[in-house]
Each structure stands twice: as structure tokens, then as C-alpha cells.
Amino acid sequence: MKNIERILSVVLAAALSATGNMFAFAAEKKSPSVESITFPDINQISSAQISEPGENKIPLIVNGKSDYIIIVPNGCNNSLLESAETLSDVIDEMTGVKLPVIRESENKKSNKYICIDTALNTARPNDSDIADGYRTVADENGIFICGATESGSRNGVYAFIENALGCVFLTPDETYIPKCSDLWIYKTNEISKPSTLWRDVYSYETAQNKWAAKLRLNGIDVETDETGLNIEELQYEGWGTWCHNCYQYLSPDDYFNEHPEYFSEKNGKRVTTYKGRDAYLCLSNPDVFEIVKNSLAEKIAENPDQLYWDFSGNDNPSLAGCECSKCKAADKAAGGTGMGTLLPFLNKLAQAFPDKYISSLAYLHTLKAPKNIKAEPNVVIKLCSMPGDQASSYYDGANSNSEEFKTQVEEWSKITDKIVVWDYVVNFSHLLMPFPNFAVQAKNQKFYEDNNIIGIFHQASREKGGEFACLRAYVLSHLMWEGSNMNVADCVSKYLCACYGKAAPSVIEYMNLCASELCNSNKPLGLYDGLMNHYNGYLSPDNIDKYNQIISSAKEAAADDSVVLSRLEEIELSVAYATVLLPKISDEERQAALDTVNYICGKKGITMVCEWDSLENFNQSSLKSTVKAEKQGLRTPYYIGIGVVAACGVIAAGGLIFKSKKKKHSS
């Protein structure tokens, strides 16, 4: 076999040489599409700025004493009160001085105040577009933090803790808090408002312990005091209904027997399911609209405070809507998109409920923007980033996947000025595998800002313990607030320094190696990539060896810090998981890496390795099939080589010129 391989390699080299290096020429012409990023090396976060006096500063704590108290309005909600108490706790841990939190009516005429919201007649900012932003004033008269709403004031308090006090909200349970004996605050009078109106990072972590409030997200319910709620019950703040819900308005159980014509037609038959998944409604049927409208009216009456109400098709990739003659004609007239029937339906609902926003998914067969149809002013389109890419920005659209979504956004922005982007920032197939997607985020944010994007739904992992889950949520949350001018690399490095202490330089080295190797490979970063997609790039065996060496160095640097060592296990887990999938390692090496995965997952309560596969099943059965698939991918170039040799041989022998058809492939 080895002799055959040697012969093939010689023949292949000769054949390539005979063709005039046409493949080399093509490679030279290929322009890079993958974004690059370099995370700066920050050795430590200095507390000097907050602990030293200055001409433009006011003293909050001096020599272990303070005259300040924190005042909240008498009737403020619990989440605002919690933010004030967090501020008091943070200052106590920083300096050892506890500032009391009191209601406005309890004030005994103290001379120094931190006034939260409208306490002591603090005026709300009246800017028309401030949304849930806030004004912060710090001068000789005191410190005043007040938003246009209570949620804006809460955002201001948490921003003050980070920006003025130098803290970092690392996880739902951990905050980096610098230590100092004195505390001096810069004078300021500024308004801060979010760059994105509606902001959500859909992940397990953001829904825990009201961490979303500290990240200034407004797409997650942080007002509730109910315990035991899961991620789905806390997400989608402001929305009465969210997605894939048309049967919630018109149920097959209630209507199909007597009115099958209300449901989608497929192959001449009316169906409520197709290939094991729910089908759709027949939106060209006028009775369907009346039933849906009445059902929506009932839902709004039950929850009148909800602003957004979604009506979307079910999640069925095998069925492109209803195929009756009327629906097909409308979709065809709109340019071959399911929005030919859906958008007029939405417009009628929007007209019926002018004080609410009516939304729907642009997804699968409704992804493409329609021709000759405009959206009503109160219609919101939730546009899914399909096929999308996490290595090439949508701003540049430098590869086919990112270019396709870029085009969709630009076309939709001509139809409506109210778009919510549903962005996927996760590898659904491998939740634990390294996923270096930070380089594109600032440019993506800039693209959103330029194209009528009022909201962003960053879908990460809904399962506990996804790769760099907390870091990713932190960065994306701050980016949606601060906007595309935020330096993502600096934000990442600041977080890593606060999180990993003495080990931070090694972690930054790891992050930089992942990012640079992905960039050098010029490969897309997809939502379902296996290890073999990047086997010659950032997940090569050599790079994985380097990652392990860096992790060892990080552990040595943090040998005396059990907290940091525990945090480093998150990175160790990702690299160990990638090692398990390597096709050319011994059974002993694979088992050792798997033992590491199981140990860390067990310690941290991680139970899922992908969107649809548990760690338990991975150990018992799916690991073998996954590794087999990776090994098959390793052999693919060998067979391709045979094909190239054969093709080149034909060209050389017969002087033939031909064009090969591109094969269609699913993402």
C-alpha cells in the first residue's frame, strides 16, 4: 500500500507540474476572507485610577470613612433595589466601608448622597431616543444615576460599578472587585444609551442569577422573583409570543377535521405534519386571518403590557409553506419567497393592532425578502443569519456564506426599518470545542447599525458550560450597548486579565493562537463544523499540542490560586474535547482525553456535548461514530488526489478542456 501511495504522489506531482501550476495560480488569486484579531497582553488591572486623588475627582471613601449613603425611591421595584444593594456590597468588598442603602423617606438629611433613579427629585433624562439608557452625574453635590425608566437607572448603577469602580461582572456568580483603601470618583455629567434597542444573548449563563441585568441586557426577564424558571421562561422579555407558533393561534386539534382547507397543502393534500414535523397554515384563506386575529386579540388582552407579538410558521425545513394555487401564486409574484403570503398577512395584523409590534421569522422559505411589498411601520422582521459565518464579517461579506446573509439584510432593510437579527454564535454540533469567533463581532455590529437593526438575538448555547460561554456573553452584551466603536480585543483581554490573574498572559496567548491559525487557514467557521473542517487549521494536531502546552504554563502560573485553576479547566475541557475527536491518536491517548472531559464536566455539572447529544450518550455510543466520521474525513484528500491525477492525465493525454459542475451541498 505504501508503494502505491508513493507512486500516486509522484504521479500527482508530475501531473500538477505539467498543467502549468494552475492550482498554485488559483491559490495565489484567492483573497483572504477570515477576519483577524490580536488580543493585547495585559498583565494586571490597575486600581490606581480609583484609589488616588485628582483635580477632577471627588472623594467617596477616605481613610476608611465615608459620609455617603445610597438612596433609592420609596416605591422602586426589586431589581433596582438589588442593583443599589450590589453597589453597596461591591464598595464594602473594595474598601471595607459599607454604605447604607435607604429609602427616600428614611433619609435623615445626610450631606452626601448616591441618588438612584428619581430619589431626592433627581430628574429623568428627557432625550427622546435614550431607550433604557441613563444619565450619570458626579460632582461636589453628590452622585446621581437616573434613567428614562427604572430599568435604565438599574443599567446606570451596574455601568457605574464597572466603569467608575473598575469591576468586571465575570459570571452569574463571580465579580472581579479591585481592592483599595481610598476611593476617588471622576467628575462626570454624561448620558449613555444603547447602540441596539433590544439586546439578548441567548445562553444558559445569562439567564442565571439575574446576570443579564448586570450585563445590561433587556431581552431576559430580571424582574421576576420566581425560582426554578428555565431559560425558555426567562428569555424574550417584551414578547408575548416568540417564534414557530402558528398552531398556537389556529390549532389542528380544533379545526382540521372540519376545515382541512385552513392548513398547508402538499402534493394535493392538506396536511398538519410533514416528514415528522409540524406543517403550516394556508395564509391565503381569509378565514384563517380572522381566526388568527381573534386569537391574537385574546392573547393581548391576557398580557396587555407586552409590546411585541410574533406570528411565525413552524420549524419544518422539508416544507416550503402551503402549496395551494393561491399561496404559490402569491409567493411566485413576490420573487419566489414564502413572504409573498406571509408579509401581507402580517401587514393586516399590524393594521388591526396599531399599538403593538407584529413580528415574524424570516427563516427557511421565508428568509428571502419579497419584491413589491413594503412592511407596515409596526411590523418587525426577525431575520435569521442563514447560512451565516463566524469567521467572515457580514460587513464585508467576503465569503459566500457571509455575503448571502449580507444581501438578505440589505434587501430587507429596503422593506422595513425594524429588523431583529437572529445571529448564531455557537457550534451546535460541538458545544465544547474551541470556537474563535471574536474577530468578526465589531464589524458585524457596525453592519447592524448601518441597516435598520433594532434588536439582536445572539443565540449561543442553551446548555450549561458552552465554550467560553461567559466571556462571549460579556463581550457581546457590551458590544450591543457601546456599539461598533468598542475595541473587542481590549474588552476580551480586560476580561481575561480579571478572570485569570497571573495565568492571563497564557490564556491570551492561547486565544491569539486560535484566532491567528483560523485566520491563516482562511476557512469559514460554521455552526455545525466538525474537527476535520479545521484539521489543517486551528484544530490541527500540532496546534492542539501547543494549546496543551499553553494550558500547562497557565496552571504553573496559577499554582497557588485554586479559583483560577478551576476557571482554567474551562479551556482545558475544550482542548481535551478536541483531542478526543482527533482521528490519528492511540486509544490510550483518546481515553486519557475523554477522562479529562468526563472529570471536568462532572465537576461543573455539564451534561451536553452538542445541541442534541448528551455527554452520557457520547460516552456510550456516539463517540465511536463521531471519530469514525473524522477518520473518513482524513482519508478524503487521498481519494481526491486519485481523482485529480486521473483528471490531469486525461488533460495531458487528450488536450481536453472542460468545466466541472459545482456540486450542491447543505450547510
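Reply: Start with Pro194, which sits in the loop between strand 10 (188-192) and strand 11 (198-202). Strands (E, at least two residues) and helices (H or I, at least four) are DSSP runs, numbered from the N terminus. This is a predicted model: local features need pLDDT of at least 70, side-chain atom pairs count only at pLDDT 80 or more, and totals for chains, interfaces and linings use all residues. Residues are numbered from 1 along each chain as its sequence is written, and side-chain values use heavy atoms, with hydrogens and water left out.

Me: Is Pro194 buried or exposed?

Reply: Buried means under 20% relative accessible area, exposed over 50%, partly exposed in between (1.4 Å probe, protein chains only). Pro194 counts as buried because its relative accessibility is 14%.

Me: Which residues does Pro194 touch?

Reply: Contact means heavy atoms within 4.5 Å. Leaving out residues up to four places away in sequence, Pro194 touches Ile130, Ala131, Asp132, Gly133, Arg199, Met480 and Trp481.

Me: How many strands form the open sheet, and in what order?

Reply: Two strands pair if DSSP finds at least two bridges between them. Here 6 strands form an open sheet in the order 3-2-4-6-5-10, with mixed pairing. Strand 3 (101-103) and strand 10 stand at the edges; each has a single partner strand, so one side of each lacks a neighbour in the sheet.

Me: How many bridges join strand 5 to strand 10?

Reply: There are 5 bridges between strand 5 (residues 134-139) and strand 10, and the two run antiparallel. Within strand 10, Ser192 stands opposite Tyr134.
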